[in-house]
Amino acid sequence: MSALPERSRLVQQHLDAGGVHTEIRVLPDSARTAAEAAAAIGCDVTAIANSLVFLADGSPVLVMTSGGHRADLAALALGIGAREVVMAPASVVRESTGQAIGGVAPVGHPAPLRTYIDESLSAHEEIWAAAGHPHTVMPLTFASLQNLTHGTVIAVA
């Protein structure tokens, strides 16, 4: 675990505490986008679980969405019961998660974030999420993602 970047080591601690046994992988190149991650891993882009931070009525929320589509902000607002949902600026992402855009993991944040999970990710036996750094990823099951984050499953597209 010591070869992992600091933020990924923190994610690993959260995985261990949550009883999720998976290996964080360090990629030779950046996996900042779903397409980059899918190409590096060798999986379909729809199996990439993007970690996106939005402001829902001014409060940060984490949305785990499939890399195969963009989040529909109106559908997202309806699904989470918010009047307004907008993308969070990079400064809010960093403050809320302790991680940089392109490497935001579903866990390992300074404080838990209200989390929503794209129902379309459930179609995959294995999904891949960032692990705290733009060069790290980890395989998860839909159930383990839901258990780790205590996320609510919704339609986001």
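Ser96 touches Pro60, His109, Pro110, Ala111 and Leu113, leaving aside residues up to four places away in sequence; contact means heavy atoms within 4.5 Å. The model is predicted, so local features need pLDDT of at least 70 and side-chain atom pairs count only at pLDDT 80 or more, while totals for chains, interfaces and linings use all residues. Residues are numbered from 1 along each chain as its sequence is written, and side-chain values use heavy atoms, with hydrogens and water left out.

**Ser96**

- Ser96 is found in helix 4 (residues 90-97); helices (H or I, at least four residues) and strands (E, at least two) are DSSP runs, numbered from the N terminus.
- Ser96 counts as buried because its relative accessibility is 13%; buried means under 20% relative accessible area, exposed over 50%, and partly exposed in between (1.4 Å probe, protein chains only).
- A polar atom of the Ser96 side chain lies 2.7 Å from the backbone oxygen of Val92.

**Helix 1**

- Helix 1 (residues 6-17) has 12 residues and reaches 17 Å from its first C-alpha to its last, close to the 16 Å expected at 1.5 Å a residue; the expected span is 1.5 Å times one less than the number of residues.
- Ser8, Val11, Gln12 and Leu15 are buried in helix 1.
- Seen down the axis of helix 1, its buried residues fall within an arc of 105°, so they line one face of the helix; the arc is that of the directions from the helix axis to the C-beta atoms.
- Glu6 and Ala17 are exposed on the other side of helix 1.
- Strand 7 (136-140) and helix 5 (142-149) are the elements against which the buried residues of helix 1 pack.

**Salt bridge**

- The count comes to 1 salt bridge, defined as a side-chain nitrogen of Lys or Arg within 4 Å of a carboxyl oxygen of Asp or Glu.
- Asp57 and Arg83 form a salt bridge through their side chains (4.0 Å, N to O).
- This pair links distant parts of the chain, 26 residues apart.
- Asp57, at 34% relative accessibility, counts as partly exposed, whereas Arg83, at 76%, counts as exposed.

**Nonpolar cores**

- The largest nonpolar core has 27 residues, of which Leu15, Met64, Leu121, Met138 and Leu140 touch the most other members; such a core is a set of buried Ala, Val, Leu, Ile, Met, Phe, Trp, Tyr and Cys residues joined through side-chain atoms within 4.5 Å.
- Another core, of 12 residues, lies apart from it and includes Phe54, Val61, Tyr116 and Val156.

Conventions:
Polar contact = N/O pair within 3.5 Å; in protein donor to acceptor, adjacent residues only side chain to side chain.
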